[in-house]
Amino acid sequence: TSPWTTLSPMSNARGGLGLAVVAGKIYAIGGTNGNSVLNIVEEYNPSTDKWTLKTPMPTSRTSFAIASYDNKIYVIGGSIGDSFTSNVEVYDPATDSWELKASMPTPSSDLSANVVDGSIYLIGGKVYASTAPYYSESSKNQVYDIATNTWTTNASLTSAVQGYASTIVDKKIYIIGGSKVLSTSGALKPLSPKS
């Protein structure tokens with residue numbers, strides 16, 4: 001028998017979305033259906049295997065960073081078509097409402113959010129560039145202080161990267177994998193484990 005179980009599908013098929021968990025429920029936010037960038041928010045209740053539509057996100061986007069903290073969900077940056085956004089929007093499941101916060105200094109997409117000691121760390125990602133394909137990977141380390149709604153910049157990543165995976169162990173952030181722009185065509189090159 002398979003260790004996997006198929007559960008109820010989302011109402012809206014999509015990729016490039018963000019997931020966050022608050023109070024035992026899973027929130028599927030934004031993304032793209034291949035034709036449009038979306039602002040859809042769906043709540044999944046694992047105990048009932050049911051999806052519920054919630055208040056849409058103010059900014060439709062994909063490839064953004066997402067984090068939950070103190071029972072609220074922070075959606076940061078992302079792509080809107082060929083543009084990047086710096087918008088920071090916070091969803092409160094208790095009130096089913098959104099609030100706009102201070103924008104990220106550098107518009108970015110294809111990055112992760114990691115919460116350590118009340119701050120959200122946005123490291124690397126994809127940013128604008130002045131030459132074709134007009135974007136490149138970043139090594140920036142942009143830090144959002146949740147309590148003060150302010151941004152600072154910390155030590156840069158040693159190797160610029162986008163589309164990586166990340167996690168936290170003992171208050172340290174681990175950046176793993178990702179890709180770099182290979183040529184003016186915009187093709188991506190996977191990074192080796194030593195990169």
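Helices (H or I, at least four residues) and strands (E, at least two) are taken here as DSSP runs, numbered from the N terminus. The structure is a predicted model, in which local features need pLDDT of at least 70 and side-chain atom pairs count only at pLDDT 80 or more, while totals for chains, interfaces and linings use all residues. Residues are numbered from 1 along each chain as its sequence is written, and side-chain values use heavy atoms, with hydrogens and water left out.

The confidence of the predictor in each residue is given as pLDDT, from 0 to 100; its mean for the protein is 92, and 93% of the residues reach 70 or more. Over residues 190-195, however, the pLDDT is below 50, and this stretch has 8 contacts in the model beyond near neighbours in sequence, a contact being heavy atoms within 4.5 Å. Where pLDDT is low, the predicted coordinates should not be read in detail.

Although P56 and I40 are 16 residues apart in sequence, their C-alpha atoms are 5.0 Å apart in space, and P56 is in contact with N39, V41 and W98 when its neighbours within four places in sequence are left aside.

N45 has its place in strand 3 (residues 37-45), where, with a relative accessible area of 18%, N45 is buried. Leaving aside neighbours within four places in sequence, N45 is in contact with K25 and K50.

The interior can be followed through its nonpolar cores, each a set of buried Ala, Val, Leu, Ile, Met, Phe, Trp, Tyr and Cys residues joined through side-chain atoms within 4.5 Å. In the largest nonpolar core, which has 20 residues, those that touch the most other members are Y74, I76, I120, L122 and W151. Among the elements that give two or more residues to this core are strand 6 (72-76), strand 11 (112-116) and strand 12 (119-123), and strand 12 gives the most, with 4 residues. Not counting residues up to four places away in sequence, the residues that I76 touches include F64, V88, M104, I120, L122 and W151. A second, separate core of 12 residues includes A20, I29, I66 and V75.

Finally, V169 belongs to strand 17 (residues 165-169) and, at 39% relative accessibility, counts as partly exposed.

How values were computed:
Buried means under 20% relative accessible area, exposed over 50%, partly exposed in between (1.4 Å probe, protein chains only).
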